[in-house]
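Let's take a friendly walk through a protein model. Have a look at it first, and then we will follow some of its parts.

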Amino acid sequence: MAGRLLLFLFLFLTLGDAQFLSGQRLKPRLQRDRRNIRPNIILILTDDQDVELGSMQAMNKTRRIMEEGGTYFSNAFVTTPMCCPSRSSMLTGKYVHNHNTYTNNENCSSLSWQRQHEPRTFGVYLNNTGYRTAFFGKYLNEYNGTYVPAGWREWVGLVKNSRFYNYTLCRNGVREKHGAQYPQDYLTDLITEESIRYFRSSKRVYPHRPVLMVLSHAAPHGPEDSAPQYSTAFPNASQHITPSYNYAPNPDKHWIMRYTGPMKPIHMEFTNLLQRKRLQTLLSVDDSVERLYNMLLETGELDNTYVIYTADHGYHIGQFGLVKGKSMPYEFDIRVPFYIRGPNVEQGSINPHIVLNIDLAPTILDIAGLDTPPDMDGKSILTLLDTDRPANRFQVNKKTKLWRDSFLVERGKLLHQRLEGKEVSQEENFLPKHQRVKDLCQRTEYQTPCQQTGQKWQCVEDATGKLRLFKCKNEGGGAKNLQRGVANRQRPISIKSQLYQRNSEACDCDLRPLNLRPSVLRPFNKKPFFSKKKFKVLKSYSRNRYSRSISMETGYSGNHSLVGGAWGKPIREESEDDFSGMGGVPNVLGPPNSIKVTHRCSILANETVKCDTGVYKSLQAWKDHKLHIDHEIETLQTKIKNLREVRGHLKKARPLECDCNKYLYKYKLKSKLRYRGGNLHPFRKGGVRDKKAWLLKEQKRRKKMRKMIKRIRNNDTCSMPGLTCFTHDNQHWHTPPYWTLGAFCACTSANNNTYWCLRTLNDSHNFLFCEFATGFLEYFDLNTDPYQLMNGVSSLDRAVLNQLHVQLMELRGCKGHKQCNPRTRSVELGGREHGSFDDYRLFERKKWPRVKRPSSSRTLGQIWDGWEG
């Protein structure tokens with residue numbers, strides 16, 4: 001009996017210990033599983049928010065949450081200061097030249113973007129690994145709301161560009177319209193409500209699955225409608241008045257900066273009100289950040305969530321005389337705010353390393369535990385967030401962290417060579433001629449003698465050792481000194497001769513001499529849409545606008561433009577009279593100094609409209625003549641519509657037979673070949689490619705002409721071909737504070753504002769070097785000129801310019817993070833002694849002291865303030 005009792009006690013104690021040990025093992029396992037849950041990621045994105053003009057000073061709640069609880073990157077930039085290109089770079093982690101979204105229109109949310117790049121955004125990668133992904137707010141400027149982009153489980157995307165009221169959303173594939181009621185229709189508050197609701201429901205249904213949310217706000221983008229409770233805030237906002245405010249004219253900068261003169265008083269009043277309304281819209285974003293923070297605290301997810309706050313690009317308000325806008329390569333447009341807080345992120349610190357918008361996608365992937373794809377150009381910034389504490393007591397010195405100190409700023413793409421005999425416009429301030437010739441002579445096609453078929457140029461070294469380009473006069477091969485008969489027997493038949501030889505398999509075309517007038521022999525592609533006289537008249541209409549142009553007669557030696565076409569014409573001060581005239585094509589049948597448009601009205605030489613006296617004295621005559629003009633416009637519009645239908649029918653019913661009218665060869669003009677199918681000569685290679693290029697060029701030209709006619713018809717006196725202009729009147733803003741000073745016009749950018757810039761920032765250099773598509777060069781040393789007031793390219797040696805050009809060209813063609821994150825090569829600037837050109841400097845990260853940011857936006861230009869470099 002005693003033995004059984006002892007055995008029972010032994011078994012009871014053994015089983016109890018086993019259950020206790022299993023319970024002890026189970027509890028740490030649950031805790032370990034809980035700790036290993038991947039973190040949540042929340043990206044808060046604003047639209048057009050600057051950092052140089054003091055916009056963050058209005059967001060006290062955001063600064064308190066993100067600065068005290070995270071890290072602020074004081075040198076955050078975007079690689080393209082435009083909405084759609086920058087957002088595309090954020091989504092894909094690529095430079096613009098790798099995702100091909102160059103502007104807010106071209107390839108922005110296009111079919112090519114949807115097929116090639118949209119399936120490779122960070123949302124797709126995280127969705128495939130189990131993240132619950134959600135997007136709220138503005139996506140891309142040309143997003144039409146007909147589909148849900150790949151990778152997003154919850155989708156509430158804004159259709160088209162930013163608006164605060166009266167917009168359309170695509171909610172998971174269903175379009176819904178919103179009105180102008182506050183707060184249910186106010187976009188900033190709607191994004192906040194939807195995101196909080198989604199996060200709470202996701203954690204309630206899937207508590208162990210991480211969440212990725214993007215909150216893409218419209219603020220402070222136009223139309224700058226603030227919430228009603230903030231419509232009286234910031235009555236004396238003046239942070240935008242920096243040393244570069246209204247600093248104009250700028251004869252040492254590129255074309256649009258030379259064209260822009262000082263602002264008028266009405267423009268300056270507008271900039272003050274615009275700054276105030278922009279700051280008011282940001283107050284709602286400030287409330288949104290606080291609400292998200294409180295929600296994370298309530299759900300217990302704050303310590304397991306990374307929160308990133310940034311903008312798609314900066315903004316300028318009055319800088320260099322530009323009333324408003326972006327798209328410039330200067331600091332106020334490329335610098336953005338950038339905050340991050342989360343696990344293992346040092347709190348209350350300022351990080352001076354360069355962070356780009358292309359780093360967002362690799363960073364988000366790294367947070368989720370994924371490797372960066374090799375085609376992404378950016379890098380994860382998590383390595384910069386590690387503290388400097390040694391890993392163990394034996395590791396005294398940490399390994400040096402290498403990080404980029406240079407990056408590419410690009411806008412637009414290289415202009416296509418014009419097909420009508422006009423080359424890309426150039427300015428005087430380009431690379432030296434010998435350097436450009438040397439670069440061209442490196443090509444294989446220029447190194448062979450003029451004996452290759454289709455060779456146009458040959459590179460020859462003269463007696464002095466200089467390289468020169470000579471045009472090949474005998475295209476197609478053959479020597480000049482041969483006898484004509486021998487050459488005809490030995491050399492192959494030229495391409496030109498083959499065009500006129502009979503071929504049994506070719507088309508049997510009758511090429512007999514035609515009795516045609518010289519005008520008929522003109523190539524089809526040379527036929528203008530309007531005659532030159534008519535085009536000048538149409539152009540004069542659009543030039544009759546409000547202008548702030550200045551005279552180009554300056555003493556700066558490097559600014560006399562050699563640009564052809566519209567850019568090369570002298571710019572004069574124009575009248576501010578209201579446009580008047582009809583929208584049809586004028587008839588050049590009037591007196592020598594006027595153009596007779598109708599039987600009672602003419603356009604004089606001074607671009608004013610003059611009608612018969614009876615039109616001004618008789619109300620009935622005025623009504624009859626206006627009715628006659630309306631009838632003529634309606635008749636022409638009907639005729640144009642019918643012609644377009646016929647043209648569409650002809651395109652569909654094009655015969656498949658050989659077109660024998662392609663070449664018109666006249667007996668008396670054998671030396672000239674008239675070509676009806678393209679702009680380029682038919683002897684050149686790639687005829688099909690050239691024809692497609694010509695068709696594309698023709699479509700763009702006709703589209704440009706249609707826009708001009710539309711501007712004339714709508715009495716648009718502000719727009720001008722080649723310039724980006726806007727009008728503003730008392731009806732533009734529908735929420736207080738209102739604009740009451742009347743209408744005005746201003747031009748903010750130009751079509752030739754295409755550039756590639758090298759931005760370098762390290763312990764010894766801080767400069768911006770830009771090459772524009774026109775050939776113009778700009779260089780700014782921001783250590784001595786933080787507001788980029790003076791172009792210092794003339795102070796650089798040509799050898800330094802060549803070195804900068806080489807580095808810039810390498811970045812322009814880079815692909816992948818291994819090529820696109822270089823260390824700047826040593827360049828001698830200002831007589832400093834550095835290593836050789838091929839040496840790379842090592843830049844060791846130091847323990848930067850905690851710096852208190854200045855309270856005034858004027859000191860933000862000193863980006864090295866407080867940095868012991």
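## A helix across a sheet

Which strands does helix H19 lie across? Helix H19 (residues 798-812) lies across E11, strand E21 (755-761), E22 and E23, and runs at about 75° to E22. Helices (H or I, at least four residues) and strands (E, at least two) are DSSP runs, numbered from the N terminus. Angles run from 0 to 180 degrees between N-to-C directions, with axes as lines fitted to C-alpha atoms, for helices over the stretch in contact, where contact means heavy atoms within 4.5 Å.

## About the model

This is a predicted model, in which local features need pLDDT of at least 70 and side-chain atom pairs count only at pLDDT 80 or more, while totals for chains, interfaces and linings use all residues. Residues are numbered from 1 along each chain as its sequence is written, and side-chain values use heavy atoms, leaving out hydrogens and water.

## The sheet itself

The open sheet has 4 strands in the order E11-E21-E22-E23, with antiparallel pairing; two strands pair if DSSP finds at least two bridges between them. E11 (406-411) and E23 (777-781) stand at the edges with a single partner strand each, so one side of each has no neighbour in the sheet. From one strand to the next, the twist averages 15°.

## A charge over a ring

The charged end of Arg812 sits over the ring of Trp756, 3.9 Å from its centre.

Definitions and conventions. Lys NZ or Arg CZ within 6 Å of the ring centre and 35° of its normal.
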